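Subject: Structure handover

Hello,

Here is the structure we discussed. Please open it alongside this note. My findings follow below.

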Amino acid sequence: MDATVRPTPDTSYPFHARVPRGVRLRDVPEERVLPRAGRVFRRALIPDPPVAVEAHDATIVDADGREYIDAAGGAIVVGIGHGRERVAAVMADQAARLSYAHGSAFTTRPIEAYAEAVGPFLPVDGPAIYPVSGGSEAIETALKLVRAYHLARGEPERWIVLARWGSYHGNTLGALDLSGRKPLRRPYEGWLGRFRHVSAAYPYRGDDPGAQALGSTDELVAEIERVIEQADPATVAAFVGEPIVGATLGAVVPPDDYWPAVADVCRRHGVLVVADEVMTGFGRTGRWFGLDHWKVRADIVVAAKGATSGYWPFGFAAASDDVYRTVVDGGAFVHGFTYSHHPVGAAVATEVLRTLVDERLVEASAAKGDRLRRLLEDRLGGHPHVGDIRGRGLFVGLELVADRPTREPFPRDARVAEGVVAAARANGLLVYSGTGNANGVDGDVIVLGPPFVVTYAALDAIVERLGAAVDEATAVAQAPLASTARG
């Protein structure tokens, strides 16, 4: 065939699969399902998902013209709101001017400008940023920075990294191994096991069997100290944690003295503190970063999501001046990605940062978050299947339980979180969910993280629709449990 000739796409089949509910894909004849030219391996294998075509502020519109309140900001990503023309204009201008230059050959003005602009906001002393394409890459970068730092200091025996059960740090293998989110780890356990885990800082389920959680700072810090001593302090490299735990546990806030105490233990043993601010950064919790609630400074901060508010795949690891200078003076940092140090990503991140500042959106997150939690307490605070409502700023979690007094979770096969998500979506509301929080298998949480431009009227609608979805899903799940109890 002539190299200039291209086959004509076959458009006689729909561009996406239409598989009836309850039917397995492998049981459907191929000619009824698959396009002949190609297809998408979707993130979620749900039948016939809506097609998103446009968005504005806190609303997403599908191809049928139906509107959804984006009460989750996607995956707790969108802070400044959808459809910002000022961001799109900066993106287009930078792409037309310089779309790509490899980071090993060039620096660029957008990268240098962003590092200078974002530095004062970071909970790190004298930060130097290493830009990448997202949170998982940023975590991998931070882990390698930790190793490079200790090697440069002449301490090659420091290789052990501590993280927590009930955490989430990404889906690449290193980040997944660091994570303590058991449902995501389970299919890949044979490839994991490099890192060590301590208990989650999870007051609601502290000391619950199977939760691998503790509620008091004294217990949590004593455990970290004990694990460091048992491993030999000279072998422990870093402690990694989310300041406020995200999707795995549902916006769980630790005790107020937890992070200062953790930082103190780590520094006494020469262990680096790595804060995973991928979800909590850039105003999500009502402060610029989660650690700001406790005035703690990290050695390395990892950020993504809100850095570009979803307008560009972007994240970074920010190293303290000590870490940066030690690694640089020790030789080359053996690391890199094709799309790291991307000029368009940096230009977008700078414009998002400017928007957050100009419109005081971090302050808006704090005020609207207070309002959202009050509304949720009024509507669901006494609900028999809502065990806890928690969070900071516009980062709010609900834990759903089968029995409120005992905190007994619904069994996993009841699929309560999925039921709430589906019922909410059917009513034009998008929420985020997590499972396995109670014991690694059972447990359901719903997480809210709307854009900071969400209106107060939209907050009312969010709570009204979510309340109806919780009523519907928990009633469906409770029915067979009640029947079994009677039998």
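This is a predicted model: local features need pLDDT of at least 70, side-chain atom pairs count only at pLDDT 80 or more; totals for chains, interfaces and linings use all residues.

Strand E14 is covered on both faces. On one side, Phe395, Gly397 and Glu399 are buried.

**Partners of E14**

Which strands pair with E14? Strand E13 (residues 386-392) is one of them, antiparallel to E14 over 6 bridges. Within that pair, aspartate 388 sits opposite glutamate 399. The E13-E14 hairpin has 2 residues between its strands. Glycine 393 in this hairpin has a positive phi near 55°.

Strand E17 (residues 444-448) also pairs with E14. The two run antiparallel and are joined by 5 bridges. Here valine 396 faces leucine 448 of E17.

**A separate look at the open sheet**

An open sheet is built from 4 strands, in the order E1-E2-E3-E15. Its pairing is mixed. Strand E1 (52-56) and strand E15 (429-430) are at the edges. Each has a single partner strand, so one side of each has no neighbour in the sheet. Strand E3 (residues 67-70) runs parallel to E15, with 2 bridges between them. Aspartate 70 has leucine 430 in E15 as its bridge partner.

**Serine 309**

Serine 309 lies in the loop between strand E11 (300-303) and strand E12 (315-319). Is serine 309 buried or exposed? Its relative accessibility is 2%, so serine 309 counts as buried. The cut-off for buried is under 20%. The side chain of serine 309 comes to 3.1 Å from the backbone nitrogen of isoleucine 80. Leaving out residues up to four places away in sequence, serine 309 touches Val77, Val78, Gly79, Ile80, Gly81 and Val352.

**Surface patch**

Which residues make the nonpolar surface patch of about 370 Å²? They are Leu173, Tyr188 and Trp191. Leucine 173 belongs to helix H6 (residues 173-178). Leucine 173 has 43% relative accessibility and therefore counts as partly exposed.

Best wishes

Technical notes
Residues are numbered from 1 along each chain as its sequence is written. Side-chain values use heavy atoms; hydrogens and water are left out. Buried means under 20% relative accessible area, exposed over 50%, partly exposed in between (1.4 Å probe, protein chains only). A polar contact is a pair of N or O atoms within 3.5 Å; within protein, one must be able to donate a hydrogen and the other to accept it, and residues adjacent in sequence count only if both atoms are side-chain atoms. Contact means heavy atoms within 4.5 Å. Patches are made of residues with over 30% relative accessible area and no salt bridge: like charges are joined within 9 Å, nonpolar side chains (Val, Leu, Ile, Met, Phe, Trp, Tyr) within 5 Å. Accessible areas come from the Shrake-Rupley method with a 1.4 Å probe; for residues, only the protein chains shown count as cover. A salt bridge is a side-chain nitrogen of Lys or Arg within 4 Å of a carboxyl oxygen of Asp or Glu. Two strands pair if DSSP finds at least two bridges between them.
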